[in-house]
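Subject: Structure handover

Hi,

Here is the structure you asked about. Please open it alongside this note; my findings follow below.

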Amino acid sequence: MALEHLLAALEREAAEQAQALIAAAQAECARITAASEERAAEYRRRALAPREAELRAEAERALAAARREARRAELDARARLLDRIFAGARELFPVTIAGEAYRRALPGFLAEALACVGPGPARVRCHPALTEAIRHALGNAGRGEVTVEPDPAVGSGFVLTTADGRVTVDHTLESRLARARPRLALEALRALGLEPMS
């Protein structure tokens, strides 16, 4: 019987040792797995960090390009809008120079231009519809030495040039609008509720 007890004790001891070895092996396996997963994660981080930085930089470049394109598109749209506004204004010029208000202001415009060129012979090229009004204003100003030439190519208004061609005063509505365009464009954008872009 003692032999049976001894065998049973040996079996129990062997089973306990086996369980202890299995538990130790499982713990070692878990430790190795955790360490290996940690190393793999670190390798992944090291391997992906440059790619992530590259992708982030690429995304920032794409975003900057998209912003530039959106800004360009908005600027183009504003430019087209302003072009339409100024084209509409230019279409009114023939009516404007035929109007009573322009005709009343014409002697003053002519006096300003004559003051720029000073005394002496000069030549006024003007829209044909203004020829008689300009001749009349020159006669009233005592500037008989200034000749008047109707020229439909001049535009809406007149161009005064000294006889030697050194000084030219362009007093057409087209050139006045072109000179005032930057200021008028800002005013038009504000009137439309659009802030000027910086």
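Of the 198 residues in the chain, 23% count as buried. Buried means under 20% relative accessible area, exposed means over 50%, and partly exposed lies in between, with a 1.4 Å probe and protein chains only. This is a predicted model: local features need pLDDT of at least 70, side-chain atom pairs count only at pLDDT 80 or more, and totals for chains, interfaces and linings use all residues. Residues are numbered from 1 along each chain as its sequence is written, and side-chain values use heavy atoms, with hydrogens and water left out.

The overall layout

The accessible surface of the chain comes to about 13500 Å². Carbon and sulfur atoms hold 60% of that. These areas come from the Shrake-Rupley method with a 1.4 Å probe; for residues, only the protein chains shown count as cover.

The chain has five helices and four strands. Their pattern along the sequence is α-α-α-β-α-β-β-β-α. Helices (H or I, at least four residues) and strands (E, at least two) are DSSP runs, numbered from the N terminus.

Take the contacts between residues at least 6 apart in sequence: 69% of them join residues at least 24 apart. A contact means heavy atoms within 4.5 Å.

The four strands form an open sheet in the order 2-1-3-4, with mixed pairing. Strand 2 and strand 4 (168-172) are the edge strands, and each pairs on one side only. Two strands pair if DSSP finds at least two bridges between them. Neighbouring strands of this sheet are turned by 15° against each other on average, direction ignored. Helix 3 (residues 100-117) packs on the sheet and touches strand 1 (122-126), strand 2, strand 3 and strand 4. The direction of helix 3 makes about 20° with that of strand 3. Axes are lines fitted to C-alpha atoms, for helices over the stretch in contact, and angles run from 0 to 180 degrees between N-to-C directions.

Strand 3

Which way do strand 3 and strand 4 run? They are antiparallel, joined by five bridges. T161 stands opposite T168 in strand 4, and G157 has T172 in strand 4 as its bridge partner. Five residues lie between the strands in this hairpin, where G165 takes a positive phi near 75°.

Strand 1 also pairs with strand 3 in the antiparallel sense, over five bridges. Here V124 has L160 in strand 3 as its bridge partner.

Six of the six residues of strand 3 are buried. Both faces are covered: G157, V159 and T161 are buried on one side, and F158, L160 and T162 on the other. In a regular strand, side chains alternate between the two faces of the sheet.

S156 sits in the loop between strand 2 (146-150) and strand 3 (157-162). Is S156 buried or exposed? S156 counts as buried because its relative accessibility is 4%. Leaving out residues up to four places away in sequence, S156 touches F93, P94, I97, H171, T172, L173 and E174.

R90 is placed in helix 1 (residues 2-91). R90 has 37% relative accessibility, so R90 counts as partly exposed. With residues up to four places away in sequence again left out, R90 touches D83 and L177. R90 and S156 are 66 residues apart in sequence and 9.1 Å apart in space, C-alpha to C-alpha.

Best wishes
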